[in-house]
Amino acid sequence: MTNISQNLSCLAGEKEQNGSVLEALTLYDAAIRLNSSDTALWLKTAELLANESMNTEAIIGFTHVLVLDPKNSSALVGRGEVQAREGDLAEAFDDFKNAVSHDQRNAAAHAGLARIYNANNETEQALIEYGTAINISPRNFEYYVEIGEILFDSGRFNEAAKAYDNALKINLKDARSWKRLGEMLRLSNRLEEAAVAYGQLNSLVPDDKDNLFIQAGLLEKIRKYKEAKEIYAGLVSEDPKNVSFLVALARVQNVLGEFDESAAVSRGALLENQSNADAWSNLGFSYANMKNFKASFDAFNQSLKLRPGDAITITNVGFLLMQSGKYQEALYRFNNATRIDPEDSTTWIHKARAELALGKRDDAFSSATRATRLSPYSYDAWYLLGDIASVSKRYDEAKEAFSNALEINPMNDNAFRYLVDVMRNLNQAYETIHYYDKTISQNPNIPVAWMRKGYAADLAKEYSISEDAYAQVVKIQPDNTEGWTNLGFARFQQGNYFGAIDAFNESLKIDPDQSVYYVNRGAAYQKIDRLDDAYKDFSKALELSPDNRDALYGMGKTLYKMGKVHESFPYFKKIGENLYIARVYDSLYQGVTYFSNNWNYWRYSYQW
């Protein structure tokens, strides 16, 4: 009989593993009828019943085990867990306590006590019991998760994070831990790490739209717009009538410059809900960037009818008014927007621009300063502050602002050029030459750094330094026409006209259809009295660009120097070069043939 009972028990175990619960229970029952005193059979049956939430039958089974073996801690724990599930906390507590008294190394019993303590709001005692359970069973990640839940609910987020992190060290596939970590990281404004946590969660539970939406929102906030768009697009494909998904997708498409696509998605959202202010606002933004200003105004105004106090939309309307040159009306909008939301740096930036356009420089400076305080890592804010300070001749403040802008975006050309200009006004032009020396020493193959060093040296009139810098540019990038042109300029200013011609030749080899390159070389030919060559270059320049003032001036002067005074006159007259018009008349009527320097029309201020 015992062998038959064992065989039935083995067969029941196989059925249980295969998911055939009812068959397994039937086989266990048959085995028990053959051997009713076998506690192991009763325990297996009770545990299976408990797993299937057949609570009453499970309690009967565990109780029968305890009749046969009153100190069976597994049965006490099993019955305690079922009783706790049923809400019978006192009975459950007694079972867990008894289990611990019989077997102090029973981790499940300590965990059971911890759950009862937690249910009774005895948090610290619960944490102590969980600590004991972990000491006994350190690889059970569930205990760490449960500790994390208690700490999370108590607002002890740092401790909770450590608990979830410990759970994940044991089991990287625990979705609950990733979700909680993501939530806490969001609360701590650690958005990049939160996005990673939600990414892990969504790889484990890929069909939860809410979590995917949260992940996309986090990616959007940390400016990973393409990744956010991919998730939003996936959500829209699965649920094409979900307005929240459509609005989010359109918003990111606008950021990515996909204005046509964004407008189409926004219109789709409005087909579902005409009263969605965000959809109208997205549409207005798309139309504005598509230069359809009337449609943009209409869309923004629809948004404002639905949500009159939305500062961002009011700012966008102000921006449109600025585009139309209506700066006073725009400023009125920006003032309203800053009253509604005084913490939005973008509105303060636009406000400063409107004030500057209206000549209110002090107000513009204050607004731009406010923008830098709200967004200290905003290149646009610092650049604008530098621009306003420079226009107002507040050069020290302009220097600081442009320097901060370059700290944020070291490779922005405009900020560096304005910084150099400001430092010239502070008599610090020479210092700017060495602004990029550290960058160059770390990596000498950055052409932009060499180019800027050359530019700074040009403005400081240190042409030997600029020549060396531009030589490095063309060494790194032999097809860089700007590098060759600037190299030619540096040589020209040092009187090395033959070297300048060589450099200008390289620019023309790379791009023979640029009028200015022929003007440059023509000026150099003129300096060494190769007037026929100069004439050819200025002729070619005028063929490519008939209204090029530099070419007209160069041609007039070349003809004048060739003695073709009558022919030179129309070129000077066309550009209104009164000095040379007077000299033409002097030559014709008084025989005066002297020449002087002119700086007005030469693109690089060359001294002819």
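## Loops, a helix pair and model confidence

Asn106 sits in the loop that links helix H6 (89-102) to helix H7. With a relative accessibility of 10%, this asparagine counts as buried. The structure you have here is a predicted model, and the mean pLDDT of the protein is 87.

**Asn106 and its surroundings**

- Once neighbours within four places in sequence are set aside, Asn106 is in contact with Ser73, Val77 and Ile136.
- Asn106 is classed as buried because its relative accessibility, 10%, falls under the 20% cut-off.

**Two loop residues with positive phi**

- Asn121 is not a glycine, yet its phi is positive, at about 65°.
- You will find Asn121 in the loop that runs between helix H7 (107-119) and helix H8 (123-136).
- The relative accessible area of Asn121 is 68%, so this residue is exposed.
- Lys393 likewise has a positive phi of about 65° without being a glycine.
- Lys393 is counted as exposed because its relative accessibility of 62% is over the 50% cut-off.

**Helices H34 and H35**

- Two packed helices are described by the angle between their axes and the distance between the axes.
- For helix H34 (residues 549-561) and helix H35 (residues 565-575), the angle is about 155° and the axes are 8 Å apart.
- H34 is therefore roughly antiparallel to H35, since angles over 145 degrees fall in that class.
- The handedness of the crossing between H34 and H35 is left-handed.
- The residues in this contact comprise 9 nonpolar, 2 polar and 4 charged ones.
- On the H34 side, the contact is made by Arg549, Leu552, Tyr553, Met555, Gly556, Lys557, Leu559 and Tyr560.
- Their partners on the H35 side are Val565, Glu567, Ser568, Tyr571, Phe572, Lys574 and Ile575.

**Confidence along the chain**

- A pLDDT of 70 or more is reached by 89% of the residues in the protein.
- Residues 589-608 are a stretch where pLDDT stays under 50.
- For residues 589-608, the model has 66 contacts beyond four places in sequence.

Technical notes: Residues are numbered from 1 along each chain as its sequence is written. This is a predicted model: local features need pLDDT of at least 70, side-chain atom pairs count only at pLDDT 80 or more; totals for chains, interfaces and linings use all residues. Side-chain values use heavy atoms; hydrogens and water are left out. pLDDT is the predictor's confidence in each residue, from 0 to 100. Contact means heavy atoms within 4.5 Å. Helices (H or I, at least four residues) and strands (E, at least two) are DSSP runs, numbered from the N terminus. Buried means under 20% relative accessible area, exposed over 50%, partly exposed in between (1.4 Å probe, protein chains only). Axes are lines fitted to C-alpha atoms, for helices over the stretch in contact, and angles run from 0 to 180 degrees between N-to-C directions. Angles under 35 degrees count as roughly parallel, over 145 as roughly antiparallel, 65 to 115 as roughly perpendicular and the rest as oblique. A crossing is left-handed if the near helix is turned anticlockwise from the far one by less than a right angle, and right-handed if clockwise. Ala, Val, Leu, Ile, Met, Phe, Trp, Tyr, Cys and Pro count as nonpolar, Asp, Glu, Lys and Arg as charged, and the others, Gly among them, as polar.
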